[in-house]
Amino acid sequence: MAKINKIFSNILRLLAVAATVVAIVFMVTSHDSAQVLNLTFTVKYSYTPAFKFFVIGEAIAGGYTVISILLSFKTLFWRLIVILDMVATVLLASSISAALAIAQVGKKGSTHAGWLPVCGQVPHFCDQVTVALLAGFAAAVIYFVILLCSLYAVL
Amino acid sequence: MGLQNEEKLELGCSSSQQRSKKWVLLTVRVIAFLATATATLVMALNKETKTLVVAMVGSTPIKVTLTAKFQHTPAFVFFVIANGMASFHNLMMIMVELFGQKLDYKGLRLAMIAILDMTTVALISGGASAATFMAEVGKNGNSHARWNKICDKFETFCDRGGVAIIASSAGLILMLIITAMSIFKLLNKPKSVSS
């Protein structure tokens, strides 16, 4: 039973690494420019602190997952892995949440604050950011299942 | 017979430790409940109205009344809902701890408490970070997207929002401590001697 749990947990960790890598790649390579009234309007992920935080959060979680896959072949660190899994889950949840909040304002705008939506002028940027956010959300959900598996394995 | 005596001795030695741990956990839960409830209330009652002069027609100024409410921003709505649910969770856990010692479901009581604590931590962290970044955009604006800052006009709104976010962050740290304690309680529970 413990062995099945370990194999299942490692498969989930590989999926989580893949999801975080997809999220980071799509977010970092998203840039677009548009011509509005003779002014060039460029958009990059680094113009928004929320997206920078998203990339950093996913990178830390992805790096930790790779280390934990390598560590899981020695069974000394089980309790430490449970605690670090919880930290990684919280980090992933908060980075996807922050990026989603800003992306929602970018897509719909905010009439009360006088902020115009940005997605109409730079659709390519918005599409790539959408893919990155979906991958980030999948990584967060997978990580929650990994956390439950780790907790079950230590019991 | 000998096994039962050993088990009773073991439980008797650590029961005072368990009782003091129980009160520590309960106190931290009460503080976390107060923190998240404060965050919920301060953000939910966050509203500011301001009258601005937009233009002058001759000698009569045209005034516009603008309101800043928390409902205008989905991130703040999520913040209020997440902190409300976290306060409710903490309240339920305090009630169960004080009045429902006998409640159990197939021996999974401690496991369910630990899992619910973990979901609440993830929820609070999501709400706090979304609200933080929305507040940052409101305070500094975003020159690339041509979004103007709003905190210079609505200072009270921004201050109260900041207080709510700080309270929620304190609640998040306390909930992390509570979750760690719940997991340790789960790992160290005395294993029942069967048959």
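A residue is taken as buried when its relative accessible area is under 20%. In the predicted model described here, Cys149(A) has a relative accessible area of 11% and is therefore buried. Cys151(B) likewise counts as buried, because its relative accessibility is 11%, under the cut-off of 20%.

Cysteine pairing was examined next. A disulfide is a covalent bond between the sulfur atoms of two cysteines. Two disulfides are found over all chains. In chain A, the bond links Cys119(A) with Cys126(A), and the sulfur atoms lie 1.7 Å apart. The torsion about this S-S bond is about -95°, so the Cys119(A) and Cys126(A) disulfide is left-handed. Cys119(A) and Cys126(A) are both buried. In chain B, Cys151(B) is joined to Cys158(B) by a disulfide with an S to S distance of 1.8 Å. The link of Cys151(B) and Cys158(B) has -95° about the S-S bond and is left-handed. Cys151(B), one partner in this chain B disulfide, is the residue given above as buried at 11% relative accessibility.

The interface of the two chains was then considered. The size of an interface is often given as the accessible area lost when the parts come together. For chain B and chain A, the buried area is about 2,900 Å², with 79% of it on carbon and sulfur atoms. Three residues, Phe133(B), His144(B) and Trp147(B), account for 23% of the area that chain B buries against chain A, more than any other three residues. In terms of residues, 33 from chain B and 32 from chain A take part in the contact.

Polar interactions across the interface were also counted. Five residue pairs are in polar contact between chain B and chain A, with both residues of a pair at pLDDT 80 or more. Salt bridges between chain B and chain A number zero.

On the side of chain B that touches chain A, two or more residues each come from helix 2 (74–99), helix 3 (109–140) and helix 4 (155–187) of chain B. Helix 3 of chain B contributes the most to this side, giving 15 residues. By class, the side of chain B that touches chain A consists of 19 nonpolar, twelve polar and two charged residues.

Methods:
Residues are numbered from 1 along each chain as its sequence is written. Chains are lettered from A and ligands numbered from 1 in the order in which they are written. This is a predicted model: local features need pLDDT of at least 70, side-chain atom pairs count only at pLDDT 80 or more; totals for chains, interfaces and linings use all residues. Side-chain values use heavy atoms; hydrogens and water are left out. Contact means heavy atoms within 4.5 Å. Buried area is the accessible area (1.4 Å probe) that two parts lose on being put together, summed over both. A salt bridge is a side-chain nitrogen of Lys or Arg within 4 Å of a carboxyl oxygen of Asp or Glu. A polar contact is a pair of N or O atoms within 3.5 Å; within protein, one must be able to donate a hydrogen and the other to accept it, and residues adjacent in sequence count only if both atoms are side-chain atoms. Helices (H or I, at least four residues) and strands (E, at least two) are DSSP runs, numbered from the N terminus. Ala, Val, Leu, Ile, Met, Phe, Trp, Tyr, Cys and Pro count as nonpolar, Asp, Glu, Lys and Arg as charged, and the others, Gly among them, as polar. A disulfide is a pair of cysteine sulfur atoms within 2.5 Å. Buried means under 20% relative accessible area, exposed over 50%, partly exposed in between (1.4 Å probe, protein chains only).
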